[in-house]
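Biologist: Could you take me through the packing of this model, one question at a time?

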Amino acid sequence: MGFLLMYDITNQDSFNAVQDWATQIKTYSWDNAQVILVGNKCDLEDDRLVPTEDGQRLAEELGFQFFEASAKDNINVKQVFERLVDIICDKMNESMEGEGNFLSSQGKQSLKDSSAESSGGCAC
């Protein structure tokens with residue numbers, strides 16, 4: 001249900017491949033798959049070849065959220081995964097609310113009233 005599409009900020013070719021990977025994801029994955037674009041190796045600022053603005057612009061064009069991270073120095077790693085989980089859960093809740101409205105109109109308990117929702121937790 002979710003993808004982290006990563007490129008190396010020190011490698012222009014990896015950034016250039018993002019569009020192809022995004023097409024593959026959109027073609028072969030679920031319709032509601034969520035994607036975050038991640039520029040990795042932000043700890044190597046002196047070797048940067050892909051400006052942050054280029055990553056942000058591409059993410060916006062593709063409809064993806066954007067982060068820069070460093071797996072080596074543990075920069076934004078947790079935040080990226082937490083955000084991916086959040087957007088997946090948000091999408092699942094939207095889907096369940098749509099189904100819940102249908103069930104409510106049929107005189108049955110709405111999925112919106114389930115224990116996961118009422119406790120403030122994610123339904124996933």
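Modeller: Helices (H or I, at least four residues) and strands (E, at least two) are DSSP runs, numbered from the N terminus. This is a predicted model, in which local features need pLDDT of at least 70 and side-chain atom pairs count only at pLDDT 80 or more, while totals for chains, interfaces and linings use all residues. Residues are numbered from 1 along each chain as its sequence is written, and side-chain values use heavy atoms, with hydrogens and water left out.

Biologist: Which are the buried residues of helix 3?

Modeller: What covers them includes strand 1, helix 1, helix 2, strand 2 and strand 3 (65–68). The buried residues of helix 3 are G55, L58, A59 and L62. Seen down the axis, they fall within an arc of 100°, so they line one face of the helix; the arc is that of the directions from the helix axis to the C-beta atoms.

Biologist: Which residues is L58 in contact with, leaving aside its neighbours within four places in sequence?

Modeller: Contact means heavy atoms within 4.5 Å. With those neighbours left aside, L58 is in contact with F15, V18, Q19 and L37.

Biologist: Which residues of helix 2 are exposed?

Modeller: In helix 2 (residues 18–28), V18, A22 and I25 are buried. These cover an arc of only 60° around the axis, which puts them on the same side of helix 2. On the other side, the exposed residues are D20 and Y28.

Key: Buried < 20%, exposed > 50% of the residue type's maximum accessible area, 1.4 Å probe, protein only.
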